[in-house]
Amino acid sequence: MRHRLGRIGVITTVSALVMSGTAAMGVAQARPAQPTGLYAPSALVLSVGKGSAASSVTVERAVTLSCAPRPSGTHPSPTAACTELRSVEGEFTRLTTTPSQGNCTRQWDPVVLDATGVWQGRNVSWSASFGNACEMRASLGEGPVFAF
């Protein structure tokens, strides 16, 4: 009888510890997600590569660009690039224009621009293809985002 009461006591104690989360093994307590800063994240990988499609491109150059809380990354002009992206509200399609065909040759040597990451808290996955590097430069104008 004494052995049985001891066993019931041990089971009761272990059960209480497990239920309270203080057992020897411990219980992981999940914390609710909370923001870690005052700024929505803006971190991008920008690349330029040879090929006709973003899925099969050979990347020639790539940089990182972070715009919040301050411009940084491996981009050569992060402040200017972040300023340009803010001016178009992160819409990469607004960075390019249709170039006139008069300045570039018709040589087929496709180039793909790609931007992947997060802009002000929302996912970004954008790419654009050009017939050659001259068309790409003409389409971007003097913009600093892809000037690397």
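This is a predicted model: local features need pLDDT of at least 70, side-chain atom pairs count only at pLDDT 80 or more; totals for chains, interfaces and linings use all residues.
A residue counts as buried when its relative accessible area is under 20%, as exposed when that area is over 50%, and as partly exposed in between. Keep that scale in mind for lysine 50, which at 27% relative accessibility falls in the partly exposed class.

Four strands make up an open sheet, in the order 2-1-3-4, and their pairing is antiparallel. Strand 2 and strand 4 stand at the edges with a single partner strand each, so one side of each has no neighbour in the sheet. On average, and ignoring direction, neighbouring strands of this sheet are turned by 10 degrees against each other. As for what holds such strands side by side, strands of a sheet pair through backbone hydrogen bonds, either parallel or antiparallel.

Strand 2 and strand 1 run antiparallel and are joined by eight bridges. If you want a spot to look at, find valine 48, which stands opposite arginine 61 in strand 2. Moving on, strand 1 (residues 43-50) pairs with strand 3 in the antiparallel sense, over eight bridges. Here lysine 50 turns up, with valine 111 in strand 3 as its bridge partner. Next come strand 3 and strand 4 (residues 122-130), antiparallel and joined by nine bridges. Leucine 113 has alanine 128 in strand 4 as its bridge partner. Strand 3 and strand 4 also form a hairpin, with two residues between them. In that turn sits glutamine 120, with a positive phi of about 45 degrees.

So much for the strands; what about the helices? Helix 2 packs on the sheet, where it touches strand 1, strand 2 and strand 3. The direction of helix 2 makes about 85 degrees with that of strand 2. Helix 3 lies across strand 1, strand 3 and strand 4, and runs at about 45 degrees to strand 3.

Next, the disulfides. A disulfide is a covalent bond between the sulfur atoms of two cysteines. The count here comes to two. One of them joins cysteine 67 to cysteine 82, with an S to S distance of 2.0 Å. Cysteine 67 lies in the loop between strand 2 (58-66) and helix 2 (78-87), while cysteine 82 is in helix 2, so this pair ties together parts that are 15 residues apart in sequence. The torsion about the S-S bond is about -90 degrees, so the disulfide of cysteine 67 and cysteine 82 is left-handed. Cysteine 67 is buried at 3% relative accessibility, and cysteine 82 is buried too, at 0%.

The other disulfide is formed by cysteine 104 and cysteine 134, with sulfur atoms 2.0 Å apart. Cysteine 104 sits in the loop between helix 2 and strand 3 (111-119) and cysteine 134 in helix 3 (residues 133-140), so parts 30 residues apart in sequence are tied together. This link is left-handed as well, with -80 degrees about the S-S bond. Cysteine 104 is buried, at 9% relative accessibility, but cysteine 134 is partly exposed, at 24%. Number the bonded cysteines of the protein chain in sequence order, and the pairing reads 1-2, 3-4.

That leaves the charged pairs. Side chains of opposite charge can pair when their charged atoms come close. The structure holds three salt bridges. In one of them our lysine 50 meets aspartate 109, at 2.7 Å from N to O. Lysine 50 belongs to strand 1 and aspartate 109 to the loop between helix 2 and strand 3, so the pair ties together parts 59 residues apart in sequence. Like lysine 50, which is partly exposed, aspartate 109 is partly exposed, with 28% relative accessible area.

Another salt bridge links glutamate 91 and arginine 122, whose closest N and O atoms are 3.4 Å apart. This pair links distant parts of the chain: glutamate 91 is in the loop between helix 2 and strand 3, and arginine 122 is in strand 4, 31 residues apart. Glutamate 91 is partly exposed at 36% relative accessibility, and arginine 122 is partly exposed at 36%. Finally, glutamate 89 and arginine 94 meet in a salt bridge at 3.8 Å, N to O. Glutamate 89 is exposed, with a relative accessible area of 53%, whereas arginine 94 is partly exposed at 46%.

Key:
Residues are numbered from 1 along each chain as its sequence is written. Side-chain values use heavy atoms; hydrogens and water are left out. A disulfide is a pair of cysteine sulfur atoms within 2.5 Å. Buried means under 20% relative accessible area, exposed over 50%, partly exposed in between (1.4 Å probe, protein chains only). Two strands pair if DSSP finds at least two bridges between them. A salt bridge is a side-chain nitrogen of Lys or Arg within 4 Å of a carboxyl oxygen of Asp or Glu. Axes are lines fitted to C-alpha atoms, for helices over the stretch in contact, and angles run from 0 to 180 degrees between N-to-C directions. Contact means heavy atoms within 4.5 Å.
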